[in-house]
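Could you walk me through this protein chain in plain words? I would like to start with the whole fold and then look at a few residues.

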Amino acid sequence: MIVALAVGLALLIQAFVIKPYQIPSPSMEPTLDVNERVLVNRFIYHFTDPEVGDVVVFHPPTGANGANRCGVEKSPNEACPEPTDEKSDTNFIKRIVAGPGDTLRIEDGRPVVNGERPEEDFIMPCGGGTACNLPQEITIPPDHYFMMGDNRGASQDSRFWGPVPRDWIIGQAFGTYWPPQKIGPL
């Protein structure tokens, strides 16, 4: 009986409160390495809005896995301004770099939000390529968030498939628990 209660309680906590996730790709390096494990607060955004700088787990739009489909026709000089209408079944982890109503363009892999380039001493350089410079400004739609990986040259993110609707965000990553030498807050 006690074991069943403990298992049931653990499943409830994981379903509604805190869930562990494993980092699948190098897109968040150097902040998070491949195979690191993080804890995600699944209820925080019921009480507060996501903020620029939050590292979040979310469902990307359909077409984010390799196809990089944007939801609308776009110029080659702009980031994708709108996602496809359907969410993917997979989970991604990225950093929020712009929120609803913000204007955004990309310079050297760095977001320029509302005309200002935030300090980002935690990212890896973009390394060239067409997604490193997207000078045409877009406006983030209401209730959407623009996501980018910290490893800007190796991240499939909102630049390619658009901002993410708020209700597709699963929760905020707040700490690592594996490997042991990396245990701590994000």
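This report goes from the overall chain to one strand, one proline and some aromatic rings.

**The whole chain**

Keep in mind that this is a predicted model. Its secondary structure comes to 2 helices and 11 strands. Read from the N terminus, the elements follow the order α-β-β-β-β-β-β-β-β-α-β-β-β.

How does the radius of gyration of the chain agree with that of a compact globule? For 186 residues, such a globule would have a value near 16 Å, and the chain has 17 Å, so the two agree. Along its principal axes, the C-alpha trace spans about 60 × 35 × 30 Å.

Of the 186 residues, 45% are buried. The accessible surface comes to about 9,600 Å², and carbon and sulfur atoms hold 56% of that area. Contacts can also tell you how a chain folds back on itself. Among contacts with a separation of 6 or more, 70% are between residues 24 or more positions apart.

**A strand with two partners**

Now find strand S3, which covers residues 55–58. In a regular strand, side chains alternate between the two faces of the sheet. You can see this in S3: Val55 and Val57 point one way, while Val56 and Phe58 point the other way. Which of these residues are buried? All of them are.

S3 pairs with strand S4 (residues 92–98) in the antiparallel sense, over 4 bridges. Within S4, isoleucine 93 is the bridge partner of valine 57. S3 also runs antiparallel to strand S10 (residues 169–178), and 3 bridges join them. Here phenylalanine 58 has isoleucine 169 of S10 as its bridge partner.

**A proline in a loop**

Next, look at the loop between strand S7 (134–139) and strand S8 (144–148), where proline 141 is found. Is proline 141 buried or exposed? Its relative accessibility is 18%, and buried means under 20%, so proline 141 counts as buried.

Leaving aside residues up to four places away in sequence, proline 141 touches Pro81, Glu82, Pro100, Gly101 and Pro163. Threonine 103 is 38 residues from proline 141 in sequence, and their C-alpha atoms are 9.6 Å apart in space.

**Aromatic rings**

A pair of aromatic rings is described by the distance of the centres and the angle of the planes. The chain has 4 aromatic pairs, and two of them are listed here.

| Ring pair | Distance of centres | Angle of planes | Type |
|---|---|---|---|
| Phenylalanine 43 and phenylalanine 47 | 6.2 Å | 80° | edge-to-face |
| Phenylalanine 92 and tryptophan 161 | 5.9 Å | 65° | edge-to-face |

The pair of phenylalanine 92 and tryptophan 161 links distant parts of the chain. Phenylalanine 92 lies in strand S4, whereas tryptophan 161 lies in helix H2 (residues 158–161), 69 residues apart. Both of these residues are buried. Ring pairs also join Phe58, Phe92 and Trp161 into a cluster, which brings us back to S3, the strand that holds Phe58.

How accessible are the members of the other pair? Phenylalanine 43 is partly exposed, with a relative accessible area of 32%, and phenylalanine 47 is exposed, at 70%.

The charged end of arginine 95 sits over the ring of phenylalanine 122, 4.0 Å from its centre.

Definitions and conventions
Residues are numbered from 1 along each chain as its sequence is written. Side-chain values use heavy atoms; hydrogens and water are left out. Buried means under 20% relative accessible area, exposed over 50%, partly exposed in between (1.4 Å probe, protein chains only). Two strands pair if DSSP finds at least two bridges between them. Contact means heavy atoms within 4.5 Å. Rings of Phe, Tyr and Trp (its six-membered ring) pair if their centres lie within 6.5 Å; planes under 30 degrees apart count as stacked, over 60 as edge-to-face and the rest as tilted. A charge sits over a ring if NZ of Lys or CZ of Arg is within 6 Å of the ring centre and within 35 degrees of the ring normal. The radius of gyration is taken over C-alpha atoms; the globule rule is 2.2 Å times the number of residues to the power 0.38. Accessible areas come from the Shrake-Rupley method with a 1.4 Å probe; for residues, only the protein chains shown count as cover.
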